[in-house]
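Reader: I would like to go through this structure and ask what the terms in its description rest on. Please show it to me.

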Amino acid sequence: MTQHGRRDFIVGISSAALLGACGGATSDATTTAEEVIEQVGETEGTVETVAVAEPTVDLNQIPAAKPTDWDAMAFNRARGATGAIPAAYMIKIEEEGGDTGHLGKHLPFVPEFEAPEGKLAIMWGDPSKGHAQHPNADRAESNNNEGHWYNWIRVRKATADAEEVETTFDGWPSISASTGTYAVLGGGDIADNGGKNTIYLADLPSDVQSGDTVRIHAHCLTHGEYVDFLVVP
Ligand SMILES: [Fe+2]
């Protein structure tokens with residue numbers, strides 16, 4: 001169920017329950033509250049309620065611009081729970097240390113690397129923030145032959161009217177027909193260090209310049225979708 005759907009559902013059942021409990025209260029009395037009232041239990045003649053704060057963003061409508069109170073951890077945890085992240089991985093994220101060890105591992109950052117013109121260099125799991133570094137792996141039995149890498153990255157200028165450009169990666173460490181390419185932080189073999197030195201070179205939209213904030217929406221083959229904002233060097 002979508003977040004909107006769930007909210008509508010909650011308002012619906014709450015209105016009906018409160019109408020019954022209040023013995024004919026007008027609909028105005030049950031639907032004008034700023035907050036969503038969620039029914040959590042009912043005994044004869046009484047309705048137990050709890051206030052659920054409105055989300056600051058619609059989790060199904062990824063914000064185009066970076067909200068002033070942007071919290072990548074909170075946003076991705078909440079959106080992940082709605083299905084953007086596999087349920088089995090959400091369990092790991094919710095375990096102690098899962099924020100930096102699993103969620104932070106999937107958040108993008110810009111490494112010290114001079115990207116080619118028109119490209120944005122991206123890595124995942126910023127060590128300077130204490131996040132685990134994201135490994136990469138080719139298809140193998142250990143990953144159900146699915147592989148472990150980001151297979152698409154969508155970049156758009158963080159404004160309301162902007163062009164989003166998707167770069168796909170159809171393999172790791174080798175690429176065949178996709179538009180994306182890799183580089184290696186510090187040089188050497190891309191497979192060294194569990195593939196953690198891999199730099200993804202994503203296409204920048206034509207309306208993006210140095211210093212712009214861009215929204216990154218990307219998908220790890222095995223761990224789901226993540227959203228964050230970066231500043232283009
Ligand atoms: Fe992953």
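**Terms and what backs them**

Author: Of the 233 residues of the protein, 25% count as buried. This is a predicted model, where local features need pLDDT of at least 70 and side-chain atom pairs count only at pLDDT 80 or more, while totals for chains, interfaces and linings use all residues. Numbering starts from 1 along each chain as its sequence is written.

Reader: What makes a residue buried?

Author: A residue is buried if 20 or more other C-beta atoms, placed from the backbone, lie within 10 Å of its own; with 12 or fewer it is exposed, and in between partly exposed.

Reader: Which residues have the most contacts inside the largest nonpolar core?

Author: A nonpolar core is a set of buried Ala, Val, Leu, Ile, Met, Phe, Trp, Tyr and Cys residues joined through C-beta atoms within 7 Å. The largest has 26 residues, and those with the most contacts inside it include Ile 122, Tyr 150 and Tyr 200. Apart from it lies another core, of five residues, among them Ile 85 and Met 90.

Reader: What makes S9 and S10 paired strands?

Author: Strands are DSSP runs (E, at least two residues), numbered from the N terminus. Two strands pair if DSSP finds at least two bridges between them. Eight bridges join S9 to S10, so the pair meets the definition. One of the partners in S10 is Leu 230, bridged to Val 214.

Reader: Why are S6 and S10 at the edges?

Author: The open sheet has the order S6-S5-S9-S10, with antiparallel pairing. S6 (164-168) and S10 each have a single partner strand, so one side of each is left without a neighbour in the sheet.

How values were computed:
Helix = DSSP H or I, 4+ residues; strand = E, 2+ residues; numbered from the N terminus.
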